[in-house]
Amino acid sequence: MTEQAFDADGLFDDDYLHFFAEPLDDRADAETDLIWRLLDLEPGMEVLDLACGHGRIANRLAERGCRVTGLDATPAFLERARQDAEARRAPVAYVEGDMRSLPWERRFDRVVNWFTAFGYFDDEDNRRVLTEAARVLAPGGRFAVELNNRDWIIRNFQPASVIERDGDLMIDQRTLDPLTGRAVTERTVVRQGRVRRIPFFVRMFTFTELRDWLLAVGFRTVTGHGDEGGPLTPDSRRMIVVART
């Protein structure tokens, strides 16, 4: 079986922020409220935002009094996150790094992985991400993963979609690969007179599969939630999984 292509540098760049940053920021306050509730957060807690992107969640958690660290592999995202943190006067320690190899041990009360920031590797490395999340949590810590609900995707699969912003276009053409459990996408970006094509994939999970992976790496209990933290059903577009050490 040929390994599917993944252009990480092409996927996570200024074009990504151009199309997604504003709509994501518009919902960030509500998502921070949800994270606060699901993880029983309190001021003073040590929180790791794993794959923090441009800091929309991390900075808001810091504003509420958490001691926040944000890790991401994309320097441009981290720079934007730092600028926003400075404007908000919200101290966040931003670190460039790989979620498969974290430079901490038993440090955090909570780890957050939000907006389908999990599933971009082969299964061995995806499992390694979960192992690392468990390792950096203090005893009794909690880990929240928010991602697509595979059951909803299968029932409502769209082979193509188009986003337009300021006259620029982002076109995604998708297939589902049942052998790898991935949604495989070729993204075409038309912006400023230039056309780029970016291949990538996202591993999809049922709750039971991801629960079993989390239990296998040392989490003690795992719960599943649907949209806005409600019950997880086949009609839930998003899935939130909360695991405890």
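Contact here means heavy atoms within 4.5 Å of each other. With that in hand, welcome to this predicted model, in which local features need pLDDT of at least 70, side-chain atom pairs count only at pLDDT 80 or more, and totals for chains, interfaces and linings use all residues. Residues are numbered from 1 along each chain as its sequence is written, and side-chain values use heavy atoms, with hydrogens and water left out. Leaving aside neighbours within four places in sequence, Leu147 is in contact with Thr116, Phe205, Leu210, Arg238 and Met239.

**Leu147 and its setting**

- Leu147 is found in strand E5; helices (H or I, at least four residues) and strands (E, at least two) are DSSP runs, numbered from the N terminus.
- Leu147 counts as buried, at 2% relative accessibility. Buried means under 20% relative accessible area, exposed means over 50%, and partly exposed lies in between (1.4 Å probe, protein chains only).
- Ala62 is 85 residues from Leu147 along the chain, and 23 Å separates their C-alpha atoms.

**Nonpolar cores**

- In soluble globular proteins, nonpolar side chains tend to be buried together. A nonpolar core is taken here as a set of buried Ala, Val, Leu, Ile, Met, Phe, Trp, Tyr and Cys residues joined through side-chain atoms within 4.5 Å.
- The largest nonpolar core has 29 residues, and those touching the most other members are Leu48, Leu50, Val111, Phe118, Phe143, Leu210 and Leu214.
- At least two residues of this core come from each of E1, E4, helix H6 (123-136), strand E5 (137-148), helix H8 (207-216) and strand E11 (238-244).
- H6 gives the largest share of this core, with five residues.
- A second, separate core holds 26 residues, including Leu41, Ile57, Ala58 and Ala85.
- Val111 touches Leu39, Leu48, Leu50, Ala133, Val136, Leu137, Arg142, Phe143 and Ala144, when residues up to four places away in sequence are not counted.

- Strand E1 (residues 46-50) pairs with E2 in the parallel sense over five bridges; two strands pair if DSSP finds at least two bridges between them.
- Along that pairing, Asp49 stands opposite Gly70 in E2.
- E2 is also joined to E3 by five bridges, and these two run parallel. Here Val68 stands opposite Val92 in E3.
- Strand E2 (residues 67-72) is mostly covered, with five of its six residues buried.
- E1, helix H4 (residues 56-63) and E2 make a right-handed β-α-β unit. A crossover is right-handed if, with the strands pointing away from the viewer, the path from the first strand over the helix to the second runs clockwise.
- Another right-handed β-α-β unit is made by E2, helix H5 (residues 75-88) and E3.

**The antiparallel sheet**

- Four strands form an open sheet in the order E6-E7-E8-E9, with antiparallel pairing.
- Its edge strands are strand E6 (160-165) and strand E9 (194-203), each of which pairs on one side only.
- Neighbouring strands of this sheet are turned by 20° against each other on average, direction ignored. Axes are lines fitted to C-alpha atoms, for helices over the stretch in contact, and angles run from 0 to 180 degrees between N-to-C directions.
- Strand E8 (residues 182-191) is joined to E9 by ten bridges, and the two run antiparallel. Within this pair, Glu186 stands opposite Pro199 in E9.
- Helix H2 (residues 14-26) lies across E6, strand E7 (168-177), E8 and E9, and runs at about 100° to E8.

**Cysteines**

- A disulfide is a covalent bond between the sulfur atoms of two cysteines. The search counts a pair of cysteine sulfur atoms within 2.5 Å, and finds zero disulfides in the whole structure.

- Arg106 has a positive phi near 50° and is a residue other than glycine. Its place is in the loop between strand E3 (92-96) and strand E4 (108-113), and at 46% relative accessibility Arg106 counts as partly exposed.
- Gln192 is not a glycine either, yet has a positive phi of about 55°. Gln192 lies in the loop between E8 and E9, and is exposed, with a relative accessible area of 70%.
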